[in-house]
Every structure is written in C-alpha cells, then in structure tokens.
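Have the structure open and follow along.

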Amino acid sequence: MSDKQTQNSNSEEVDLGQLFNAIGRIFEKFFKFIGSIFKAVFSIFLLALKAIIVNFKIIAIVIIAAFIAGVVYERTQEPVYFGRMLVEPYFESKYQLASNIDYYNSLINNGNIEELASLFDIQKDDATQLVNFSLDAGPETENDLLKEYDSYLNTIDSTRAKNTTFKDYKENRDLFSSSIFSIEVKSFKRDIFRDLNEGFENSFENDYSKTLRTRRDSTIALKKRIFRRNLKQLDSMKLVYLSIKEEESKSGSGRLSIQGMMPVSQEKADTKEYELLQNELRLRDSLRVLDQQIIEENVYYDVISRFPELGSRDNSIFRKYKLIFPIVAFVLLSLLFLGIKTIKFIKSYE
C-alpha cells in the first residue's frame, strides 16, 4: 500500500515538474521574442544612422539646396490672407451652409469665376482672388459642452442616458453637433472679406429651413391661442370668486349658499383664488417664453462676428516651403538609398 502511494507521489512530482518546465520554456520564448523585436528596431536605427553618417556630405548638400530653393520659391509666391466669420444657424440651416461651402470650392476649382462673382455680388477680378472656403466648429467652452450634453440626455431614454458618459458624448460629436460655426475664407486680396458678408445670407435659406420655421411659427401661434383662451376662463372664474367674497363680506358669515348649491366656505374661496393666481402666472410665463423664442430665433442665422476689414496673412506650416522642401528632399533621398540597397541585395541574392 505504501509503495503505491510513493509511486503516485513521484508521478505527481514528475507532472508538476514537467508543467513548470513547460511554463518556463514559454516565458523564455516570449522574452526572446520581445528581445528580438528590440534588437531589430535597434539594428534598423543603427543602419539608418550609419547611412546618414556615411553619406553626410551628400545629404547636407541636398538639404541646403532644398532649403535655398524653398526660400526662393516662398518669396516668389503671392501672399495668401484669411478671414473668419462666426455664425449661429437656426432651423437646421447649417446643412445648407456646409453644402454651399462645398459648392463655392467646386466653382473655384473649376474656374467658374462668373458664377462665384454673381453669388457674392462682387467684381469678377475680385472673385479670381479667392483661394478656398472652409467650415469648422466654432469656439466652445467646457460649460457649453456640458449644457449640450444635458440637453442630449433629455432627448434619449433613461437606460441609454445612464450608459452615455460625457467623455463618450465628446468623442462622438461631429461638425454638425456644434451650434456655432466658423467660416474661413482664403484670398490673395487682403481687403476682399468685407464684401463677402452679405453674400453669405443666401447660404442659410433653403426650403427645408423655411418649412421648419413655418411649422415652428404655426405651433407657437396655436399654443398662444390656447393659453389666451385659458386666461379668459381664469378671468371668468376669478370674477365668480370675487362675487362670492363680496357676498360673504356683506353677510358677515364665513359660509354662503348660492341658489341651492352647496355652501362655500371662506377658507375654500381663498384657496381657489390662490390656485387661480398661480395658474394665471404660469400661463403668462408660458406666453412670455413663446414670445421670447420668436424674438431670439426670428432669422435663419445670427452673425456673432463678421469678416474683418483686412485679412491676416496665412503663415501656416503648409506655406513654409523653406521647411517643406528640405523634408521632402530628405524623404526622397532616403527612398533612393533604400532602393539602391534593395537592388544590390536582389542582384547578389542566390
């Protein structure tokens, strides 16, 4: 019996030993794999550094020549100016604005200057100076985003609202999630931007926006009629309770019976008067909100800031050719060296 137990114990020890050895070999292979990756990256880095050191003179000459060519080309180019306009569209007119921006760019790319000049009511010579149009989201603070987030949660069901965090909302926003938009125009002419302000008025009006505005106005008019009718009913009820109080004051009694109806107490009349007053205040406040909405959103867009009188010079990285040319030259030179090495390797491969 003890021999069998000893044999079982030895077999279990052997199995555990084999298991630990297998785990050890797996970790050893894993660390070797990680080490080979670092070794390969380090080797590539050293080979690239070696190629730069060996061919330093050629690389330096090419980069200096590219820098000089970039400086010369940059000075020969006509300066580009830009101006920005901030707007707040209503009645979903932002979609029409984005569509029109694309249309304006297509007119510039196709050379249809006459149509572009007609749309903005500017001279044809001025229209030829336009470079491109772009539409971006306007400036937004964290508080603005929080307000939009709260409004969004009110439009979805409670289950989904619990699973939607503020971070998720910010990551899933797109251009049309904004309420304020920045329209940027680039031009070779510095003082053309003021002439474009009026031309953008037609960028917001479309049949869909007009339908939404008409529907909104009709809905508000219907609500106002209902609220005014309810106010008239409240006024009639107030007159009834005032007459009751007058009768109570004349009789000097706290209770009054009207033509066989149940007696009305003084306490009950006071309570009803207070409720009627509260209802009247709520109705008048609702009418005020509707009137305020009509005043605030009575147009298809609001201009927060117009185009400036004079544009600012565009000094973006894409127009710094003295930096772009050397970078492009270095990349092309690297590809050339890589191609030569590849060809030599293929020729010597057996």
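What follows covers the cores, then the pockets, of a predicted model.

Let's start inside. The largest nonpolar core has 32 residues, and L130, F133, I183 and F200 make the most contacts within it. Two or more residues each come from β1 (81-89), α3 (94-110), α4 (113-120), β2 (130-137) and β3 (181-187). Of these, α3 is the top contributor, giving six residues to this core.

F200 is a handy one to click on. Leaving aside residues up to four places away in sequence, F200 touches M85, L97, I101, Y104, F120, F133, I183, V185 and F307. There's also another core, apart from the largest one, with 10 residues, including F227, L234, L283 and L290. As a rule, nonpolar side chains in soluble globular proteins tend to be buried together.

The largest pocket holds about 550 Å³ of space. It's lined by 17 residues, and L47, A48, A51, F337 and K341 are the closest to its centre. Both α1 (2-54) and α11 (321-348) give two or more residues to that lining, with α11 supplying the largest share, eight residues.

The second largest pocket comes in at about 310 Å³. Its lining takes in E88, P89, Y90, F91, E92, S93 and K94, then S177, S178, S179 and F181, plus E297.

Note on methods. Residues numbered from 1 in each chain as written. Predicted model: local features only at pLDDT ≥ 70, side-chain atom pairs only at ≥ 80, totals over all residues. Heavy atoms only, no water. Core = buried A, V, L, I, M, F, W, Y, C linked by side-chain atoms within 4.5 Å. Buried < 20%, exposed > 50% of the residue type's maximum accessible area, 1.4 Å probe, protein only. Helix = DSSP H or I, 4+ residues; strand = E, 2+ residues; numbered from the N terminus. Contact = heavy atoms within 4.5 Å. 1 Å grid on protein atoms, 1.4 Å probe; cavity = no way out; pocket = protein on both sides within 12 Å on 5 of 7 lines; lining within 4 Å. Points joined across faces, edges and corners; volume = space filled by probe spheres on them.
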